[in-house]
Amino acid sequence: MFEKLENILETDFEKALFKEAINNLNLDSKIRFSNFAYAVRELLDVFLEREAPDEFVMKCSWYEKPNNIDRDVVRGQRIRYIISGGLPDEFFDESLSKDVSEINQYISRGLSKYVHIRKEEYLTLSKEEINNKVYEFIEVINTFIDRIEDTKNRIIQLLERNIYDILTERESVLSELDCLSTHTRIEGISYLEVEIIDIDYSTIECTINGMVEVELQYGSDGDVRRGDGCVSQASYPFELGASYITIPRYSLDKKDLERSIVKSLKEKEIQVDTSSFYK
């Protein structure tokens with residue numbers, strides 16, 4: 001029942017706090033469940049603060065200081081940062097924006113429902129009723145964790161598709177192939193894999209690899225027509241190690257993000273394995 005919650009805990013403090021939350025359920029106290037729920041809510045906020053520190057959230061282009069509250073960062077902003085880092089609003093489609101908002105509303109209502117003690121019935125819960133409430137409460141936490149992970153994966157998949165499209169449309173980032181022949185023409189890119197490793201407030205870390213299909217022409221077009229030149233096809237694997245794509249800081253335009261992706265890819269040396277050519 002507690003596996004998903006335990007899996008997101010990293011520090012000794014987080015693990016010790018969770019242990020003490022469980023210990024509350026073994027106490028002979030009429031409010032032991034509420035004490036357990038309160039401790040777990042605090043634990044969840046500790047997790048969110050670790051994954052989305054104030055200084056990182058406040059550096060995002062979308063950040064705005066909350067109104068009428070004595071905090072620089074609120075829970076909803078931390079959730080957004082964990083899901084999508086500093087990606088601008090325009091990167092989101094309507095459904096993704098709605099999902100991020102609903103996740104925050106879901107966990108806020110879910111936690112409050114079990115933490116507050118405002119009815120006498122909370123002082124007369126049987127052992128079975130407490131067990132049922134623990135199960136219900138942890139299901140809220142598990143659903144919250146799942147929804148964050150699922151939405152983050154959707155963001156990553158969307159971003160990976162964007163980078164994929166940009167790469168396949170702009171084969172010129174592989175211009176180092178020009179040295180292989182008189183005229184090297186890129187026919188296309190196949191087996192392309194884009195993996196997002198991390199997204200923070202300013203950069204997208206990714207790895208890229210695939211195969212580039214080329215036409216190698218030796219001699220001029222006239223030479224080829226006269227039979228003095230030749231044309232052949234070949235393919236070579238390429239990879240881009242850990243690459244850091246800058247997220248525009250002062251622009252919320254999606255096209256600016258695409259231009260930044262292109263610029264970052266051109267600045268990073270893409271390694272094309274042309275050893276088979278020389279063999």
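**Reading the packing of a predicted chain**

Biologist: Glutamate 14 lies in helix 2. What makes a stretch of chain a helix, and how are helices numbered?

Modeller: Helices are DSSP runs (H or I, at least four residues), strands are runs of E with at least two residues, and both are numbered from the N terminus. On this count, the protein chain has ten helices and four strands, and its elements run α-α-α-α-α-α-α-β-β-α-β-α-β-α from the N terminus on. This is a predicted model, in which local features need pLDDT of at least 70 and side-chain atom pairs count only at pLDDT 80 or more, while totals for chains, interfaces and linings use all residues. Residues are numbered from 1 along each chain as its sequence is written, and side-chain values use heavy atoms, with hydrogens and water left out.

Biologist: Why is glutamate 14 called buried?

Modeller: Buried means under 20% relative accessible area, exposed means over 50%, and partly exposed lies in between (1.4 Å probe, protein chains only). Glutamate 14 has a relative accessible area of 1%, so it counts as buried. Leaving aside neighbours within four places in sequence, glutamate 14 is in contact (heavy atoms within 4.5 Å) with Ile8, Leu9, Leu43, Val46, Phe47 and Arg50.

Biologist: What makes helix 2 and helix 3 antiparallel or parallel?

Modeller: Their axes, which are lines fitted to C-alpha atoms over the stretch in contact, with angles from 0 to 180 degrees between N-to-C directions, come within 8 Å and cross at roughly 165°. Helix 2 is therefore roughly antiparallel to helix 3, given that angles over 145 degrees count as roughly antiparallel, under 35 as roughly parallel, 65 to 115 as roughly perpendicular and the rest as oblique. The crossing of these two helices is left-handed, a term for a near helix turned anticlockwise from the far one by less than a right angle, with clockwise giving right-handed. Among the residues that make the contact are Glu14, Leu17 and Ala21 of helix 2 and Phe36, Leu43 and Arg50 of helix 3. By class, the residues of this contact are eleven nonpolar, two polar and three charged, where Ala, Val, Leu, Ile, Met, Phe, Trp, Tyr, Cys and Pro count as nonpolar, Asp, Glu, Lys and Arg as charged, and the others, Gly among them, as polar.

Biologist: What makes a group of residues a nonpolar core, and which residues of the largest one touch the most other members?

Modeller: A nonpolar core is a set of buried Ala, Val, Leu, Ile, Met, Phe, Trp, Tyr and Cys residues joined through side-chain atoms within 4.5 Å. The largest one here has 69 residues, of which Phe36, Leu87, Phe137, Ile141, Phe144 and Ile199 touch the most other members. Elements that each supply at least two residues of this core include helix 2, helix 3, helix 5, helix 7 and strand 1, and the largest share, 14 residues, comes from helix 7.

Biologist: How do you know whether asparagine 142 and threonine 274 are buried or exposed?

Modeller: Asparagine 142, found in helix 7, has a relative accessible area of 8% and is therefore buried. Threonine 274 lies in the loop between strand 4 and helix 10, and its 16% relative accessibility is under the cut-off, so threonine 274 counts as buried too.
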